[in-house]
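This report describes one protein model for a reader who is new to structures. Please look at the sequence and the model first, then read on.

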Amino acid sequence: MARRRGGGLMAAREFSFVLRVNDSLEQKNLYELTRVEVQALVQAWKLSLVHAARLWNYLYWECVDSFEAMTELPVRMRIRLAAECTLGIPRVAQEQHSSDGFTHKFLLALDDGAKIETVLMRFTGRVTACVSSQVGCAMGCVFCATGQMGFKRNLTAGEIVAQAVHVQRLLRTSGDRLRNLVLMGMGEPLHNYEAVMKAADILRDGNGIALGARKITLSTVGIVPGIIRMADEARPVHLAVSLHAATEAERAALVPVAKRWPLDELMTACRYYVQKLDRRIFFEWALIEGKNDSAEQAHAVGRLLEGLQAQVNLIPLNPTSGYDGLPGRAESAKQFQEILAGYKLPSTVRQRRGIDIAAGCGQLAVGS
Ligand code: SAH
Ligand code: SF4
């Protein structure tokens, strides 16, 4: 807080300048901190760890939206929190419900005015949050609305965490809680590795949102060094790799970064991941009519993935304004699945939900 120096009145302009400088330089967004970091902060203030535990509870269990609501904390701690910290809760700029009632999409405005989308999905008894990792995306996949808008910036760990907390706050009102999270919103999570992994650690913390072992799934376009790093660090999140094509040329036409990390390198990294962690990988396949839905292409996927602990998730293409392909038909999806089964590869066809509010895979985008 700016104070009047020597009792004299500070000019209005100077006052607001000091406030801005203090805000940006000193205020810590609590959602950027792990539980250990919150404990360290509270201990540095010479307060007990019981208060740190209460604070963590307010952040992740009660999901309160102000320091005043943290009534069980000592008043002096609340005053200090309000002066030195922020809650970094994004403003809900818009909310949309799909007509079938299963999908709820939020347009969230961040501190610097950047906007992101977060989706709450309720299907087959599961409640899942689909969160963004970046504002826009640099990878440029031709059929993806986020790719079509280009890259604006990375999200911080706190901005990723805050999306899950937003969903949790909402679910609490109906006595529910968040159990699954997919990093499949706007952006490429492995292009923002540190922030994404820190956010995952915070959200897995057993005293907070407590997402269970492997209740987080991260989808990547295929950033090879990131996949290897996840394997080496034994990150406890599921990995989904967006494949979309089983030959180099076909993949490069849909996913430009395939030129940087070719299919053979990608598959070597995937095999390394599976072997190192003894864990299955999911492969995503946006099914596009006449492009990648033929029997021949299904056999090519079968040959590519045969023997690997893998599951293929077929996603009938969702419409976006910058790409005029059509979704693969139900018959092609069925044929694809039957062929994959011949290679002992399990597969699913993603339910099409939330398309009427552009909340489906690859449909998230915001105007500038
Ligand atoms: N950047 C990551 C995660 C976000 S996209 C990735 O690419 O994996 C989440 C999933 O939606 C990816 O599998 C992506 O290929 C898919 N997707 C993108 N655009 C799509 C569209 N128009 N229709 C169906 N799936 C799409
Ligand atoms: Fe980025 Fe994923 Fe969209 Fe490709 S599909 S542009 S990697 S968000």
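A210 counts as partly exposed because its relative accessibility is 24%; the label covers values between the cut-offs for buried, under 20% relative accessible area, and exposed, over 50%, taken with a 1.4 Å probe on protein chains only. The residue A210 is in the loop that joins α7 (193-204) to β10 (216-220). Helices (H or I, at least four residues) and strands (E, at least two) are DSSP runs, numbered from the N terminus. The phi of A210 is near 55 degrees, a positive value in a residue other than glycine. Most residues other than glycine have a negative phi.

H244 likewise has a positive phi, near 65 degrees. This residue is found in the loop between β11 and α9 (248-254). Is H244 buried or exposed? With a relative accessible area of 7%, H244 is buried.

The model is predicted: local features need pLDDT of at least 70, side-chain atom pairs count only at pLDDT 80 or more, and totals for chains, interfaces and linings use all residues. Residues are numbered from 1 along each chain as its sequence is written, chains are lettered from A and ligands numbered from 1 in the order in which they are written, and side-chain values use heavy atoms, with hydrogens and water left out.

**Aromatic pairs**

The whole structure holds 4 aromatic pairs. Rings of Phe, Tyr and Trp (its six-membered ring) pair if their centres lie within 6.5 Å; planes under 30 degrees apart count as stacked, over 60 as edge-to-face and the rest as tilted. Two of the pairs are listed here.

| Pair | Centre to centre | Angle between planes | Type |
|---|---|---|---|
| W56 and Y60 | 4.4 Å | 50 degrees | tilted |
| F143 and Y323 | 6.3 Å | 70 degrees | edge-to-face |

F143 lies in the loop between β7 (134-136) and α5 (145-149), and Y323 in the loop between β13 and α12 (330-342), so this pair ties together parts that are 180 residues apart in sequence. F143 is buried at 10% relative accessibility, and Y323 is buried with a relative accessible area of 16%. W56 and Y60 are both in helix α3 (residues 49-62), 4 residues apart, or about one turn of the helix. Both of these residues, W56 and Y60, are buried. Ring pairs also link Y31, W56 and Y60 into a cluster.

**Cavity and ligand**

How many cavities of 30 Å³ or more does a search of the whole structure find? The search finds 1. On a 1 Å grid over the protein atoms alone, a cavity is a set of points where a 1.4 Å probe fits but cannot get out, and a pocket is an open set with protein on both sides within 12 Å along at least five of seven lines; lining residues have an atom within 4 Å of a point. A volume is the space filled by probe spheres set on the points, which are joined across faces, edges and corners.

The largest cavity holds about 480 Å³ of space. Its lining has 29 residues, and F143, C144, S219, S242 and G362 lie nearest its centre. Ligand 2 sits in this largest cavity, meaning that more than half of its atoms lie within 2 Å of the grid points. Among the residues around ligand 2 are C137, C141, C144 and E188, where "around" requires a heavy atom within 4 Å.

The largest pocket has a volume of about 830 Å³. Of its 33 lining residues, F123, R126, V182, M184 and R350 are the closest to its centre. The largest share of this lining, 4 residues, comes from β13.
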